[in-house]
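Dear colleague,

Please find below the structure that I am handing over to you. My notes on it follow directly after.

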Number of protein chains: 4
Amino acid sequence: MQLGMVGLGRMGGNIVRRLMRDGHECVVYDVSADAVAGLVAEGAVGAGSLGELVSQLDAPRAIWLMIPAGLTGRVVDEVAALLEPGDTIIDGGNSNYRDDVRRAAALKDSGIHYVDVGTSGGVFGLERGYCLMVGGPDEAFQRIEPILQTIAPGSGEAGRTPGRTGDFAPEELGYLHCGPSGAGHFVKMVHNGIEYGVMAALAEGLNILEHADAGIQQAEHSAEVAPLEEPEFYQFTIDTPKVAELWRRGSVISSWLLDLTAAALQGNPTLEGLAGRVSDSGEGRWTVKAAVDTGVPVPVLAASLFERFASRDEDRFANQVLSAMRLQFGGHQELPAGDVLEAGGRKSESSSGGSGSVDGAS
Amino acid sequence: MQLGMVGLGRMGGNIVRRLMRDGHECVVYDVSADAVAGLVAEGAVGAGSLGELVSQLDAPRAIWLMIPAGLTGRVVDEVAALLEPGDTIIDGGNSNYRDDVRRAAALKDSGIHYVDVGTSGGVFGLERGYCLMVGGPDEAFQRIEPILQTIAPGSGEAGRTPGRTGDFAPEELGYLHCGPSGAGHFVKMVHNGIEYGVMAALAEGLNILEHADAGIQQAEHSAEVAPLEEPEFYQFTIDTPKVAELWRRGSVISSWLLDLTAAALQGNPTLEGLAGRVSDSGEGRWTVKAAVDTGVPVPVLAASLFERFASRDEDRFANQVLSAMRLQFGGHQELPAGDVLEAGGRKSESSSGGSGSVDGAS
Amino acid sequence: MQLGMVGLGRMGGNIVRRLMRDGHECVVYDVSADAVAGLVAEGAVGAGSLGELVSQLDAPRAIWLMIPAGLTGRVVDEVAALLEPGDTIIDGGNSNYRDDVRRAAALKDSGIHYVDVGTSGGVFGLERGYCLMVGGPDEAFQRIEPILQTIAPGSGEAGRTPGRTGDFAPEELGYLHCGPSGAGHFVKMVHNGIEYGVMAALAEGLNILEHADAGIQQAEHSAEVAPLEEPEFYQFTIDTPKVAELWRRGSVISSWLLDLTAAALQGNPTLEGLAGRVSDSGEGRWTVKAAVDTGVPVPVLAASLFERFASRDEDRFANQVLSAMRLQFGGHQELPAGDVLEAGGRKSESSSGGSGSVDGAS
Amino acid sequence: MQLGMVGLGRMGGNIVRRLMRDGHECVVYDVSADAVAGLVAEGAVGAGSLGELVSQLDAPRAIWLMIPAGLTGRVVDEVAALLEPGDTIIDGGNSNYRDDVRRAAALKDSGIHYVDVGTSGGVFGLERGYCLMVGGPDEAFQRIEPILQTIAPGSGEAGRTPGRTGDFAPEELGYLHCGPSGAGHFVKMVHNGIEYGVMAALAEGLNILEHADAGIQQAEHSAEVAPLEEPEFYQFTIDTPKVAELWRRGSVISSWLLDLTAAALQGNPTLEGLAGRVSDSGEGRWTVKAAVDTGVPVPVLAASLFERFASRDEDRFANQVLSAMRLQFGGHQELPAGDVLEAGGRKSESSSGGSGSVDGAS
């Protein structure tokens, strides 16, 4: 079928490529004329404006927006103003599902359908296909189902779940009508919330492996805290990149995120050049807030979000308060970052007192 | 090559089957004569005692123990007493790596090698192969490598990591010599710690999906707490089993644990009959303690462990203390489990005061 | 000065009593005529309606609302309709600070002042005074300052902070103008968020003390999980009520919440009759959401909130999912709640396999 | 009565001063001769060696060790070698309770009593008295009770708990015999674990207050993440030092740690000069490990410990792994620390793609 695509970045462009490969006709627009030209060279019909895009599509039209969430509201309004009853706007970006609920309600009287599609797959989607979580009215979903089938991965990648028989259900082909407007991005939001948690579990575990040599390191360099109590049990120098590769085969935690981790560590075993300042893009926050709203305990998902905040030093004032309290009640001075622990000994944290004294007992 | 197997439960039995399929010779023993007889019928050589097992193996012998961690110490001692210098004992169970460190040290003077193998794969290992994390001396590792190659999954299951070329490395075949004695179970311990975290991330996320109808439910039945503030955003009735199936294809969180989750929900969509009292088998605890010892922050892994404790009501006294405090400072009575919230209203938590009063402000 | 009070529950009534003791004149209203009559008997002027309340106050009026947050919006509107420019509405309840921001904006053109007051003190406020966190325009704050001074505890209770000299600042008297409209309830919200965390820290710690006899208990009754590894270190039968009392004196964690905990345990040492289903009243949720919005990591505050959710079994589906996964990958059956662990042994979690087998290795 | 004190640091010295004020006789020793001389000048009997200390005490002797935990084992051995049956060694330092269990067992046959005393009070103990948590045999406890009574705060500081009548119980005077050897330090350990949690709750809450101006700040400077969604609700510039002072009076969270926080912020409102690298001294770790051993969920206490680890960048490798994964699946580049967000816009995280594109959707 025919689709208009607005936004030709990595994801929008690759979705267009997947659609054209499968025989769909794509009319494309981006604020970057180069991006449009690139896809025209691959067979798409180009448009120099939203109006031109709309005019080149046959009613009832379907227009997919693949643009930053911050721009979606404005572009939906602009596109809607150009459309007719029966046309469909699809938001495939990372919108907050609450905006979908509001936008669908706002468009209701116009007769324009609004479909929200949570799209997962990252930079690998061209090849793997995209997992599609769809919200909106039945009628609109059914009309765009042919393009969803093409964009989705299909059944091939994963084995069939025991107990499933007969024709493949949509969810077995990689797309699902999750419910009314907003349901698609709601499910995508939770997907990303889970992603944060899984990523953190892997990262924390690998960090333990990196510290498995604490009993060897201790004698050599700095510490500013409780000494390692049983150094004989932390004498391992683990090759973390090899372990990540190993776990990909046969282990309970084999997963695509582990595949990516192994690839990252293969290319850069010490992760040199990465500062470890981890961004977050909104969905993790929305997930925690949805859980709080509905009274669902999510200690793991929340912890994974807060680790990202802390990685960007947003915990700084809190930590200063802790140091200030310790200074107050125990006279504890902060140790400088590079201070050295004498082998086997407990580094005294205080600056005064007899040398045999317990200082700072609280 | 030839291997003696002690312990013919699901995992020990399947490892023997995998080995025999690939032409290895297995001498097997279990306290259950039926278990021995079953594998003899499949081609193994049976033994009626540990002594008989040892006597049927050619030196230098290799004996794999696949028995509960609580019994391993005793059986290692019994087997060691029957062996000669140059023989190898392999602990493939879920031992604490600290016990490996101790056992290897204790056996050192005897000339008997001790190899610890963390084995992942669960009930699917016969078919998928087992991911093997190995600790011990180089010489012993090399001698048993042929059987490790057979037990491991091989390269087939996962695509090759970009940047890897040439012959497959052991970790690409599903087994790895991680370091000296204990290193195998250390890596397996962390693997299981990660597993707890990944499982919890999935479970928490699915629980949010289950509560996505909070805005619909609210009008109907009970609540004892802060009312849902924006019910219009929680109007989704998500088909959780279908979503789990969907995410298996193309999504960032596709993983074997998700495959299993989809299978579980396919067979039992409401998880009826499960009480949600979640056991833990030790590795999660050891992981958190190792992280604490080495000063590694693991909020996600620890939270996932504590969720299991709480699922078994180990948080009961703490929660009673909280209720007792609230009663003290605010006169708050606990609401009974089934109490009903009037639609749209905030259920007063206190038993006294004027009907228009704020009680319990703290 | 003169104050109108709407809402004569425990807190509203006691605030009126504190004000009358100090010579202020109070006109009071509640939907309960009995509540009004009770305070009239103590010296207040009663009103049978909001209109009657307003008509008995001299302009510029000050009316304090001490009513459930769910009703505040409606009552603010009703009262505002009866007032004149220059009058002041004070919301002393547990409103979300966002509602204050909205209400103050809505009232701006009317010339009616709106002041939000976060009020802490619980059932002890009559005697101890109430800690008052105030938001709103300077002019309105200054006009009601005399009643704030009376309601607040004054300086007496706590020693003077080193470095403070001269006249007592308002914060040393127990009230503070925190900023524009909403700032009072914002600070109160964070106060309650902290309260959740402090309560949880105490409750978790006391729960460890309750389990310090795990090494004694183990031989006697049930367990369904990893056996206690070093029972010799968990042989303590701690008298938790006495410890709570002890910590009140000289310890670093002495606090009012600990005083209350000691009182609760003194009266009910085993906390019998409490189910441990812990309510939450909104502020903890708002605190976590505010932290998420502003990118502040709050793992402790969030964990304390989630513990409350879990205490009410909101973790049920998540835990069922975990059990379902374990059943899938390891064939692990859930153990019934009352199952018995043989002394010293590890309870097998699986129902099948040879008796010497490792089942459920993952 | 008579007491020997070994270790004259801040705490040991002040305990001696408290004892002498109350008429007890103290013989003192420290590796620092100056520390000994200082207390001799205040009335103590000095000793130049452990032997001299012992010889100046009348049997049955009581010797209090107030030395770093790392040295206690050696000094206990040295002192024990000099003592007679019926003498008592008191460890008042921050020992791991497991060491007490071991030391008491080792000394049992010698007839020398061993008493462990968890001592809380920090630098304020001279004036406030010390909260004493005592473990050991009844007989030894009773013999040293007179000195415990002097060192403890007595009843004065805290009001009497409702329901308590008659003579003050020991716990109302600030000391308690908690159980057999190790029980004192076990209770002290949990006390410190709680302390970590309470400190973290306060620090996190104050950090939210510090970020309450996020809606003002946003327009001005950097961000690298999800933009603030409702800046109109984060327009508060909170005076955190004043709020800390305010909460000391009448609020539910009034506590000694809050008193100290207010003092710290009064002296240094911006906490300038503190790096926020927070040490931990062992008890927090032991608390979490004890909870893990006994299956007690302690998400709050554990989170507070992990925040300290992370404050010292022990989360670095984990965060690098997260950044590496994001780079893999979404092509997300880490934003530099000082990068600038354009007002109102969402900072694109990716380096490529059309300007209107969604990149990095996962």
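Six residue pairs are in polar contact between chain D and chain B, counting pairs with both residues at pLDDT 80 or more; the model is a predicted one. On the side of chain D that touches chain B, the elements giving two or more residues are α13 (283-294) and α14 (299-311) of chain D. The residues on that side comprise 14 nonpolar, two polar and five charged.

Two salt bridges are counted between chain D and chain B. In a salt bridge between Lys289(D) and Asp293(B), the side chains meet at 2.5 Å, N to O.

As to the extent of the interface, 21 residues of chain D are in contact with 21 residues of chain B. The two chains bury about 1700 Å² between them, and 76% of this lies on carbon and sulfur atoms. Of the area that chain D buries against chain B, 35% is supplied by Val292(D), Pro297(D) and Phe306(D), more than by any other three residues.

The symmetry may be described as follows. Chain D is superposed on chain B by a rotation of 180° with 0.0 Å of shift along its axis, at an RMSD of 0.1 Å. This is the relation of a two-fold axis. Within chain D, the C-alpha nearest the axis belongs to Lys289(D), at 2.9 Å from it. Of the interface residues of chain D, 100% are also interface residues in chain B, so the copies meet through the same surface.

With kind regards

Conventions
Residues are numbered from 1 along each chain as its sequence is written. Chains are lettered from A and ligands numbered from 1 in the order in which they are written. This is a predicted model: local features need pLDDT of at least 70, side-chain atom pairs count only at pLDDT 80 or more; totals for chains, interfaces and linings use all residues. Side-chain values use heavy atoms; hydrogens and water are left out. Copies are superposed by least squares on the C-alpha atoms of residues with pLDDT of at least 70 in both. Contact means heavy atoms within 4.5 Å. Buried area is the accessible area (1.4 Å probe) that two parts lose on being put together, summed over both. A salt bridge is a side-chain nitrogen of Lys or Arg within 4 Å of a carboxyl oxygen of Asp or Glu. A polar contact is a pair of N or O atoms within 3.5 Å; within protein, one must be able to donate a hydrogen and the other to accept it, and residues adjacent in sequence count only if both atoms are side-chain atoms. Helices (H or I, at least four residues) and strands (E, at least two) are DSSP runs, numbered from the N terminus. Ala, Val, Leu, Ile, Met, Phe, Trp, Tyr, Cys and Pro count as nonpolar, Asp, Glu, Lys and Arg as charged, and the others, Gly among them, as polar.
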